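Have a look at the chain below, and then we'll start with the questions.

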Amino acid sequence: MDNYCSAQSQILEYIADLSGLEPSAKIPFNSGYSIAVGVTKSSQRFFNHKALLCLPVIFFGKANTQVVLMNSLSKLCETLTSMHEFTKYDGFEIADISVSAYPSLVDTEPNGMFIWSCTLSVLYYTK
């Protein structure tokens, strides 16, 4: 379990670095972006004891205009999913990043601020 959690935290930090965000699930009070780990699926185990896992990474954005959020989250999705080479790690290797939920409206606050989110699936192998 420690290797699993270690891989998750390293992947979250890696995606946060690529996106220029701090790995924090707390949505900013005024405007800005945050990143968090979503609910994970069970892994696929192989005879060589390796596993194929998927880590959902959720991005949240908050602003006073929906167009800004839609454009910035769409660009983030496009940039990260177009990558074909990833940093190598000792205990795991990222195989792919794909969009599992495109940018969409989550909520509108009483002060008129909009909250949008999108979710990327990070597919990785344990070694």
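Q: What makes Glu-93 partly exposed rather than buried or exposed?
A: This is a predicted model, and in it Glu-93 has a relative accessible area of 31%. Buried needs under 20% and exposed needs over 50%, so Glu-93 lands in between and counts as partly exposed.

Q: Why is the pair of Lys-88 and Glu-93 called a salt bridge?
A: The closest N and O atoms of Lys-88 and Glu-93 are 3.6 Å apart. The cut-off is 4 Å between a Lys or Arg side-chain nitrogen and a carboxyl oxygen of Asp or Glu, so the pair passes. Lys-88 itself is exposed, with a relative accessible area of 58% against the cut-off of 50%.

Q: How many salt bridges does that rule give?
A: Two. Besides the pair of Lys-88 and Glu-93, the side chains of Glu-109 and Lys-62 meet at 3.1 Å, N to O.

Q: What does the pair of Glu-109 and Lys-62 tie together?
A: Glu-109 sits in the loop between β4 and β5, while Lys-62 belongs to strand β3, so the bridge links parts that are 47 residues apart in sequence.

Q: How do you know whether Lys-62 is buried or exposed?
A: Its relative accessible area is 5%, and buried means under 20%, so Lys-62 is buried. Its strand is mostly covered too: twelve of the 13 residues of β3 are buried.

Q: Which strands does β3 pair with, and how do you know?
A: β1 (residues 32-37) is joined to β3 by six bridges, running antiparallel, and β5 pairs with β3 in the antiparallel sense over twelve bridges. Pairing takes at least two bridges, so both cases qualify. As examples, Gly-32 stands opposite Lys-62, and Val-57 has Leu-120 in β5 as its bridge partner.

Q: How do you know that the length of α2 fits a helix?
A: Its 16 residues should span 22 Å at 1.5 Å a residue, and the end C-alpha atoms are 22 Å apart, so the two values agree.

Q: What makes the buried residues of α2 line one face?
A: The buried ones are Leu-69, Leu-73, Leu-76, Cys-77 and Leu-80. Looking down the axis of α2, they fall within an arc of 95°, so they line one face of the helix. An α-helix has 3.6 residues a turn, so residues three or four places apart point the same way. On the face turned away from the buried side you'll find the exposed residues Val-67, Lys-75 and Glu-78.

Q: Which residues have the most contacts inside the largest nonpolar core?
A: Ile-15, Phe-59 and Ile-94, in a core of 31 residues. The elements giving two or more residues to this core are α1 (2-19), β3 (51-63), α2 (66-81), β4 (92-108) and β5 (114-126). Leaving aside neighbours within four places in sequence, Ile-15 is in contact with Ile-35, Val-57, Phe-59, Leu-80, Ile-97 and Val-122.

Q: Where is Met-83, and what does it touch?
A: Met-83 is in the loop between α2 and β4. Not counting residues up to four places away in sequence, Met-83 touches Tyr-14 and Leu-18.

Q: What pattern does the chain follow along the sequence?
A: It reads α-β-β-β-α-β-β, which comes to two helices and five strands.

Technical notes
Residues numbered from 1 in each chain as written. Predicted model: local features only at pLDDT ≥ 70, side-chain atom pairs only at ≥ 80, totals over all residues. Heavy atoms only, no water. Core = buried A, V, L, I, M, F, W, Y, C linked by side-chain atoms within 4.5 Å. Buried < 20%, exposed > 50% of the residue type's maximum accessible area, 1.4 Å probe, protein only. Helix = DSSP H or I, 4+ residues; strand = E, 2+ residues; numbered from the N terminus. Contact = heavy atoms within 4.5 Å. Expected span 1.5 Å × (residues − 1). Arc of directions from axis to C-beta.
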